Amino acid sequence: MLQQTQVATVIDYYNRWMQKWPTLQALAEASLEEVNELWAGLGYYSRGKRLQEAARKVVSELAGQMPRTAEDLQKLLPGVGRYTAGAIASISYGQATGVVDGNVIRVLCRLRCIGADSSSPPVIDRLWAMANALVDRSRPGDFNQALMELGATVCTPKAPLCGECPVKQHCRARLRVEKELALASRKLLGKLPVVPDVEDCGVGGCPLCPPAAELWDSSLGVTNFPRKAAKKQPRVEQTATCVLERRGRRGALEYLIVQRPSSGLLAGLWEFPSVPLAPGLQQEQQREVLVDHLQAWAGQPVAAGSLRFIGEVVHVFSHIHQTYVVYSLSLDGDVTLDLASSPSRWVTEEEFRASAVSTAMKKVLRACERQRGEESGPATGSKRKRGAKPGAAGSTRPGTQLSLRTFLRAPNPP
């Protein structure tokens, strides 16, 4: 869960997960649908799927015994990479092996003034070599957690607390800042610049130094390190989405949701009927594309004019800038749907929110509810505040990075 996700976001998910599946055996017996439902909103959904696959493999093929070394963890369990394997092996089993995550990359790049692209193979290999050399052989788990904690709370991406850093006397980035300040002072006073330090590596083809074309930015200080390659812009996509509504047997409003394919983006999650749109389509053309897609679900002709335009909902995935062009369509309660093309079901709003649906689809439903509320006037009755999660009262403000001690602390009793 902590892969590419902050501790503060993970805590509630972790506690609910451990309460529902406290053992590998319990997780192995769960369905993928249950896993996706609990994971919904955490993002990078393949992590949950692979976690369950790993539990099933441990139970069915490894006699219920977890691999105990970083090498075996990475080799035998799906979804376990080099960092996860090192963390488990050192923290749980005491193996003297290092870990390299985003926090550790930042700390080591600043300690050693590594200015090349921190995601490049030469830099990554050097960082792993450093982590393995530095790890405390007697307390590898504590050391690795301390190193990650140092990056999360002191050696932060912006505004690092250099004065409080316990290893500041070893930090070459801090020394570089001091040298740059001294050089600037000499220039200001008209004095000749100092002779470059023979240990300063800034020439030639060093794979760890910043390119000669990238000048030192004095306003950044130690945050000149680490340096990353220019981030690739997410590709832009458009999708037409229709919120199909009907009144259920008890008069409650119900929505049709369909299941996505078992592989690819948001694999196995549920969504409103949706279809990708080719670039450059006008609104009427978009309607026609969506109408053609809806024919299979409605089991009868659907007129483009019967679709009500709701608006556009934007959601940015890690690599996709997705715009959902949202429509709604109300069906009579006695309409029989052709549900053979894909798994689908009618759900109430409460059932929808409990299902394995993505954050993007929750945004789509909110847009529909918002327009319905604007058309009918102020809504009555109580409603959960937008963005609030069950059990969120008294929880940590989202986005706040916490310590591992806080993360591993048992939840407060209700």
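# Notebook: a look through a predicted model

I began at Gln 322, which lies in strand S6. I note that the model is predicted: local features need pLDDT of at least 70, side-chain atom pairs count only at pLDDT 80 or more, and totals for chains, interfaces and linings use all residues. Residues are numbered from 1 along each chain as its sequence is written, and side-chain values use heavy atoms, with hydrogens and water left out. Strands here are DSSP runs of E with at least two residues, helices are runs of H or I with at least four, and both are numbered from the N terminus.

**Entry 1: Gln 322**

Is Gln 322 buried or exposed? I found 5% relative accessibility, so Gln 322 counts as buried. Buried means under 20% relative accessible area, exposed means over 50%, and partly exposed lies in between (1.4 Å probe, protein chains only). Next I looked up its side chain. It makes a polar contact with the side chain of Thr 239, at 3.1 Å. A polar contact is a pair of N or O atoms within 3.5 Å; within protein, one must be able to donate a hydrogen and the other to accept it, and residues adjacent in sequence count only if both atoms are side-chain atoms. I then listed what Gln 322 touches, not counting residues up to four places away in sequence. The list is Glu 237, Gln 238, Thr 239, Val 313, Val 314, His 315 and Phe 317. Contact means heavy atoms within 4.5 Å.

**Entry 2: the whole protein**

I stepped back for the totals. The protein has 14 helices and seven strands. Of its 414 residues, 39% are buried. I took the contacts with a separation of 6 or more, and residues 24 or more positions apart account for 63% of them. The protein exposes about 23700 Å², and carbon and sulfur atoms supply 54% of that area. Accessible areas come from the Shrake-Rupley method with a 1.4 Å probe; for residues, only the protein chains shown count as cover.

**Entry 3: the cores**

Which residues touch the most other members of the largest nonpolar core? I found Phe 272, Tyr 324, Val 326, Phe 352 and Val 364, in a core of 37 residues. Helix H1, helix H2, H3, strand S2, strand S5, strand S6 and helix H13 each give two or more residues to this core. H13 gives the largest share, six residues. A nonpolar core is a set of buried Ala, Val, Leu, Ile, Met, Phe, Trp, Tyr and Cys residues joined through side-chain atoms within 4.5 Å. In soluble globular proteins, nonpolar side chains tend to be buried together.

I checked Phe 272, leaving aside neighbours within four places in sequence. Its contacts include Cys 242, Tyr 255, Ile 257, Phe 352 and Val 364. A second, separate core has 29 residues, among them Val 104, Ile 105, Cys 113 and Ile 114.

**Entry 4: the cysteines**

How many disulfides are there? The count is zero. A disulfide is a pair of cysteine sulfur atoms within 2.5 Å. I looked at Cys 171: the nearest cysteine sulfur, that of Cys 162, is 6.4 Å away. Cys 171 counts as buried, at 15% relative accessibility.

**Entry 5: the salt bridges**

I counted 12 salt bridges. A salt bridge is a side-chain nitrogen of Lys or Arg within 4 Å of a carboxyl oxygen of Asp or Glu. Side chains of opposite charge can pair when their charged atoms come close.

Arg 345 pairs with Glu 33, and the closest N and O atoms are 3.9 Å apart. This pair links distant parts of the chain: Arg 345 is in strand S7, Glu 33 is in helix H3, and they are 312 residues apart. Arg 345 is partly exposed, at 26% relative accessibility.

Arg 235 forms a salt bridge with Glu 237, with closest N and O atoms 2.6 Å apart. Arg 235 is partly exposed at 45%, and Glu 237 is partly exposed at 27%.

Arg 353 and Glu 349 meet in a salt bridge at 3.2 Å, N to O. They are four residues apart in helix H12, so about one helical turn separates them. I also found Glu 349, Arg 353 and Glu 369 linked in a network of salt bridges.
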